[in-house]
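Work through the exercises below with the coordinates open. Each task is followed by a solution in steps.

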Amino acid sequence: MEKLGVERWCFHDRDIAPDGKTLAETNANLDEIVELAKQLQSETNIKPLWGTAQLFMHPRYMHGAATSPEVKVYAYAAAQVKKALEVTHYLGGENYVFWGGREGYQTLLNTDMKRELEHLANFLQAAVNHKKKIGFNGTLLIEPKPQEPTKHQYDWDVATTFSFLQKFGLTGEFKINVECNHATLSGHSCHHELETARINDILGNIDANTGDPQVGWDTDEFLTDISEATLIMSSVVKNGWTCTWWLQL
């Protein structure tokens, strides 16, 4: 990473440490690798841009985490976010990201959308409360995506997410992490999503990747189109930002 000139790294909790048989064992696994990360950071001056909890691959999250109909799953997800937020703070992270890959539905026939959105809002408010309790001064980010693995995600795009934040009084607590491949999956250009976030003062971070226009899923490729890159950079300049290179693990 030093040879590449990468200044920041990003992580999901389960990407750097595996699940254990219990929550306590899972947290212990994470603590062990976090101490190694702390040591490596001190040797390189590479810091976390953001951390996050991976709430979509384990079978317990098949029907959601913050929107799960099972209270035990909801509670486990909250505990996982609590730990990931504390770890991000301990490592000096600048942001914490929420990506709700399972926060949505497969069919409305058995979904109480109003109730699930209220549960999601309460979940996010609890995260805000814990952030303040532990003294984390970083930004809480939401990363919109329309679907995959869920048929329909509640944070479909920037405008939908902004409407949700307004409805539940969370606009002052969260900003948006725009991922370009997610933008195109929602039927927008990345430039559109960036400008929607920027003009509403909620642009917090950019994952400037791209997807294959011939497939309908998230391929997370390096950005290679100079025209698209120029439009993205125009939003960066308008937002008054300078660029930092980062690597996601």
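A residue is called buried under 20% relative accessible area, exposed over 50%, and partly exposed in between. The model is predicted.

**Exercise 1.** Classify Glu148 by its relative accessible area, and describe its backbone.

Solution. 
1. The relative accessible area of Glu148 is 28%.
2. Glu148 is not a glycine, yet its phi is positive, about 80 degrees.
3. The peptide bond from Glu148 to Pro149 is cis, with omega about 10 degrees.
4. Glu148 sits in the loop between strand 5 and strand 6; Pro149 lies in that loop too, the strands being 139-142 and 152-153.

**Exercise 2.** Locate Asn45 and decide whether it is buried or exposed.

Solution. 
1. Asn45 belongs to the loop that runs between helix 2 (23-44) and strand 2 (47-52).
2. Its phi is near 65 degrees, a positive value in a residue other than glycine.
3. Asn45 has 59% relative accessibility, so it counts as exposed.

**Exercise 3.** Describe how helix 3 and helix 4 pack.

Solution. 
1. Helix 3 spans residues 71-90 and helix 4 residues 113-134; the angle between them is about 30 degrees, and their axes are 10 Å apart.
2. The two helices cross in a right-handed sense.
3. By class, the contact residues comprise eight nonpolar, four polar and three charged.

Note on methods
Residues numbered from 1 in each chain as written. Predicted model: local features only at pLDDT ≥ 70, side-chain atom pairs only at ≥ 80, totals over all residues. Heavy atoms only, no water. Buried < 20%, exposed > 50% of the residue type's maximum accessible area, 1.4 Å probe, protein only. Axes fitted to C-alpha atoms, helices over the stretch in contact; angles between N-to-C directions. Left-handed = near helix turned anticlockwise from the far one by under 90°. Nonpolar A, V, L, I, M, F, W, Y, C, P; charged D, E, K, R; others polar.
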